[in-house]
Amino acid sequence: MATLCSLSINPLKTIQPSPRHLPCLSSSTSISKSLTTHPRPPPPPPPPLRIPGLLASNFSSSWRPISVVCSSISTAFPNNTNYEFNDGTSEVELRLRLTEKKALSSKDIFVDADGRSLVIRIQHSGFSRTVMETNQLYDRIKPSETIWYLDDDQLVVNLTKQDPELKWPDIVESWESLTTGIILILKGTSIYLVGESTEINQKVAQELAVGLGYTPLDTKGLLETLSKQTIDSWVTAEGSDSVANAETEVLESLSSHVRAVVATLGEGHSAASRADKWQYLYAGFTVWLSLSQAKDEASAKEEARRQVHDSSEAYAKADVVVKLGGWDAVHAKAVAQAALSALKQLILNDKNLPGKKSLYIRLGCRGDWPNIKPPGWDPSDEAQNGFRDKL
């Protein structure tokens with residue numbers, strides 16, 4: 001089980017806890033609705049890292065205290081081979097087929113919903129069986145408005161969404177539901193992966209591109225093809241700054257692309273490792289895949305807070321940070337899922353972000369992110385004014 005900790009400078013809405021036992025209604029009347037049957041979700045991938053963590057940061061607003069939410073990506077459906085799920089306008093409906101041979105009453109059912117968690121148990125004849133347990137519902141719900149009832153051999157649970165405008169592809173947040181649902185809110189905006197390791201950026205970018213149906217792009221491959229030499233030989237011959245300058249030119253050519261996942265250089269040769277070369281990276285959502293030396297999760301979260309608050313590294317300009325306590329390529333998909341989860345939270349906290357990214361591109365990627373200036377603004381004029389002020 002991998003625990004994901006999300007930090008966002010957009011304060012999350014406070015959700016009042018629900019009563020431990022929720023209201024129920026027993027019914028034997030069939031309810032006719034259009035339902036989609038889903039097979040049991042596959043088990044989550046093995047934990048990708050020793051001290052995993054997520055940090056989602058929205059730089060479209062001034063700095064505010066960071067709030068922290070920890071959740072698990074594991075979801076248990078121990079005794080169900082299938083369930084039925086329907087996404088309505090303001091609520092979602094979950095139908096679970098019960099396998100008990102004896103008739104059940106409302107007294108035998110335990111349903112507990114709170115925020116993004118849902119636990120369903122059957123307590124009958126002295127035995128207890130967990131039907132479903134997850135703390136990773138696709139999005140937040142209003143716990144106090146949860147209703148459940150028995151319908152013949154099915155348990156029906158209705159959950160009210162916190163955000164009625166958000167479409168839920170499934171009841172839980174998984175790789176499948178994230179890659180389906182986030183397409184609707186990304187609105188074609190590209191994703192840029194930055195960080196200390198070129199390999200990590202490439203592997204995770206490939207997983208994201210396949211999952212989203214985006215075009216995979218790789219600045220290392222493009223640079224080596226154009227220059228007809230390896231990055232290592234280029235660094236040896238001309239230095240890291242030369243490579244970073246060339247990557248900036250490549251990023252400029254890619255900045256107008258939509259529906260792309262771009263893996264950038266690492267190892268200190270990248271444009272992203274230099275604070276003055278983020279002009280074209282701001283054209284998309286940036287994810288910092290950050291290797292950490294922290295010994296535990298709490299230390300990793302504190303490290304992420306400090307880096308973003310102090311802007312101690314150029315990578316701290318990224319929209320989202322995913323902390324990695326180690327790396328193995330087999331976990332690339334799990335890291336990609338963590339990045340999508342954080343991006344989803346980021347965009348839902350400010351649904352204007354994709355449109356703002358689009359405007360930034362249309363105005364020419366002038367470096368004025370997140371405070372976009374009016375058309376006609378010239379960054380060189382501002383630089384000259386700043387120089388005069390210093391005099």
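Tutor: Just after helix 8, glycine 364 takes a positive phi of about 105°. This is a predicted model: local features need pLDDT of at least 70, side-chain atom pairs count only at pLDDT 80 or more, and totals for chains, interfaces and linings use all residues. Residues are numbered from 1 along each chain as its sequence is written, and side-chain values use heavy atoms, with hydrogens and water left out.

Student: Which residues of helix 8 are buried?
Tutor: In helix 8 (residues 353-362), they are Leu353, Pro354, Lys357 and Tyr360. Buried means under 20% relative accessible area, exposed over 50%, partly exposed in between (1.4 Å probe, protein chains only). Helices (H or I, at least four residues) and strands (E, at least two) are DSSP runs, numbered from the N terminus.

Student: Where do they sit around the helix 8 axis?
Tutor: The buried residues fall within an arc of 115° seen down the axis of helix 8, so they line one face of the helix. The arc is taken from the directions from the helix axis to the C-beta atoms.

Student: And what do they pack against?
Tutor: Helix 1, strand 16 (285-291) and helix 7. Contact means heavy atoms within 4.5 Å.

Student: Switching to the core. Which residues have the most contacts inside the largest one?
Tutor: Ile120 and Ile171, in a nonpolar core of 93 residues. Such a core is a set of buried Ala, Val, Leu, Ile, Met, Phe, Trp, Tyr and Cys residues joined through side-chain atoms within 4.5 Å. Helix 7 (residues 332-349) gives the most to this core, with 11 residues.

Student: What does isoleucine 120 contact?
Tutor: Leaving aside neighbours within four places in sequence, its partners include Leu94, Phe110, Arg129, Met132 and Val157.

Student: Glutamine 123 next. Where is it found?
Tutor: In strand 9 (residues 117-124). Glutamine 123 is partly exposed, with a relative accessible area of 42%. Not counting residues up to four places away in sequence, glutamine 123 touches Asp108, Phe110 and Ser128.

Student: How much of the whole protein counts as buried?
Tutor: 51% of its 391 residues. The protein has nine helices and 17 strands.

Student: What about contacts between residues at least 6 apart in sequence?
Tutor: Of those, 77% join residues at least 24 apart.
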